[in-house]
Amino acid sequence: MVGVGFGSWFDYVSKERFLTMTPAKAKVIFATHMQAARSRKLTTYETNQLSKARQVLRQQKKPSMNPRKSKVNSNGVLIYGEVQTIYAKKTQNHRCDDDCKAHGHKYYHKFTSKPKMYGLPDGTLLIKP
Ligand SMILES: [Zn+2]
């Protein structure tokens, strides 16, 4: 990162503290920090970021050797590889009885099919086998 002023570096660092590291970001951090490490000693914060980035990248590679396979269509990102339960409330019209009313129309659903949960770019949560 040659030519980056203190201001933009500081901005970058402070944002990093509040955001979880995405694989794309981890890749950038890994590349830039490794490059910086060749010319100078990394700060504690940078070292931590580097090891975090390494972890994120390692996790990315685990599910599949092909990074495309860990994604679903429309650039969805895998959030959970195995959804086990959902606890949810019916707010739409539904077949309702006294038992349903007694439980506030809430259902505890246990998945035996072990579906996956994906996050789509528009914020949609997608649960599918
Ligand atoms: Zn109901």
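These legends accompany several close-up views of a predicted model of one protein chain.

**View 1. The whole chain, element by element.** Welcome to the overview, where the protein chain shows four helices and six strands. Reading from the N terminus, the order of elements is α-α-α-β-β-β-α-β-β-β. Of the 129 residues in the chain, 4% are buried.

View 2. Across the protein chain the mean pLDDT is 79, and 74% of the residues reach 70 or more. Which helix has the lowest confidence, and which the highest? Helix α1 (residues 6–18) is lowest, with a mean of 46, while helix α4 (residues 98–102) is highest, at 95. Please take care with residues 1–18, where the pLDDT is below 50. Beyond near neighbours in sequence, that stretch has five contacts in the model.

View 3. Leu78 belongs to strand β2, which covers residues 76–80. Look next at Tyr118: Leu78 and Tyr118 are 40 residues apart in sequence, yet their C-alpha atoms are 4.5 Å apart in space.

**View 4. Strand β5 between two pairings.** Here strand β5 (residues 116–119) can be followed to each of two partners. With β2, strand β5 runs antiparallel and is joined by three bridges. With strand β6 (residues 125–128), β5 pairs in the antiparallel sense over four bridges. In that pairing, Tyr118 has Leu126 in β6 as its bridge partner. When you trace side chains here, recall that in a regular strand they alternate between the two faces of the sheet.

**View 5. The turn of the β5–β6 hairpin.** Strands β5 and β6 form a hairpin, with five residues between them. Which residue in the turn has a positive phi? The residue is Gly123, with a phi of about 95 degrees.

**View 6. Strands β3 and β4, side by side.** Strand β3 (residues 85–89) and β4 run antiparallel, joined by five bridges. Within this pairing, Ile86 stands opposite His109 in β4. How many of the five residues of strand β4 (residues 106–110) are buried? The count is zero, and this strand is hardly covered.

**View 7. Two loop residues with a positive phi.** His105 is not a glycine, yet its phi is positive, at about 60 degrees. His105 is found in the loop between α4 and β4. With 14 C-beta neighbours inside 10 Å, His105 is classed as partly exposed. Lys114, also other than glycine, has a positive phi near 50 degrees. Lys114 sits in the loop between β4 and β5. Why is Lys114 classed as exposed? Lys114 has 10 other C-beta atoms within 10 Å, and a count of 12 or fewer makes a residue exposed.

Terms used:
Residues numbered from 1 in each chain as written. Predicted model: local features only at pLDDT ≥ 70, side-chain atom pairs only at ≥ 80, totals over all residues. Buried ≥ 20, exposed ≤ 12 C-beta atoms within 10 Å, placed from the backbone. pLDDT = per-residue confidence, 0-100. Contact = placed C-beta atoms within 7 Å. Pairing = 2+ DSSP bridges.
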